[in-house]
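I opened the model to look up a few residues and the strands around them.

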Amino acid sequence: MHNRFKLSPKGKAWHIMARKGAGAATEAAWVSLGGCPCQITAMRVYLALKAREGR
């Protein structure tokens, strides 16, 4: 199963990244959905996206 979302630190903020593109991993591009200086808040948004991924 391919991950569609990832959480990564960039500078002083945590960014939620979404994979754009339905092709193979080499064709996909990661797009930032936004950043948050608080890791806890960013993790909550990330987990909410992961929970809705199957819907």
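Entry 1. I note here that the model is predicted. Glycine 35 has its place in strand β3. Leaving out residues up to four places away in sequence, I found that glycine 35 touches Trp14 and His15.

Entry 2. Is histidine 15 buried or exposed? Its relative accessibility is 18%, and because buried means under 20%, histidine 15 counts as buried. I located histidine 15 in strand β2, which covers residues 13-20. Its side chain makes a polar contact with the side chain of serine 32, at 2.9 Å. With residues up to four places away in sequence again left out, histidine 15 touches Lys6, Leu7, Ser8, Lys10, Ser32, Gly34 and Gly35.

Entry 3. I then looked up how the strands are arranged. In what order do the 3 strands lie in the sheet? The order is β1-β2-β3, the sheet is open, and the pairing is antiparallel. The edges are taken by β1 (5-10) and β3 (29-36); each has a single partner strand, so one side of each has no neighbour in the sheet. For the angle between neighbouring strands, direction ignored, I got 35° on average. I looked for a helix against this sheet as well. Helix α1, residues 39-52, packs on the sheet and touches β1, β2 and β3. The direction of α1 makes about 165° with that of β1.

Entry 4. I went through the pairing of β1 with β2. How many bridges join β1 to β2? There are 6, and the two strands run antiparallel. I noted two of the pairs. Leucine 7 has isoleucine 16 in β2 as its bridge partner, and lysine 10 stands opposite alanine 13 in β2.

Entry 5. The hairpin of β1 and β2 has 2 residues between the strands. Glycine 11 takes a positive phi there, near 65°.

Conventions. Residues are numbered from 1 along each chain as its sequence is written. This is a predicted model: local features need pLDDT of at least 70, side-chain atom pairs count only at pLDDT 80 or more; totals for chains, interfaces and linings use all residues. Side-chain values use heavy atoms; hydrogens and water are left out. Helices (H or I, at least four residues) and strands (E, at least two) are DSSP runs, numbered from the N terminus. Buried means under 20% relative accessible area, exposed over 50%, partly exposed in between (1.4 Å probe, protein chains only). A polar contact is a pair of N or O atoms within 3.5 Å; within protein, one must be able to donate a hydrogen and the other to accept it, and residues adjacent in sequence count only if both atoms are side-chain atoms. Contact means heavy atoms within 4.5 Å. Two strands pair if DSSP finds at least two bridges between them. Axes are lines fitted to C-alpha atoms, for helices over the stretch in contact, and angles run from 0 to 180 degrees between N-to-C directions.
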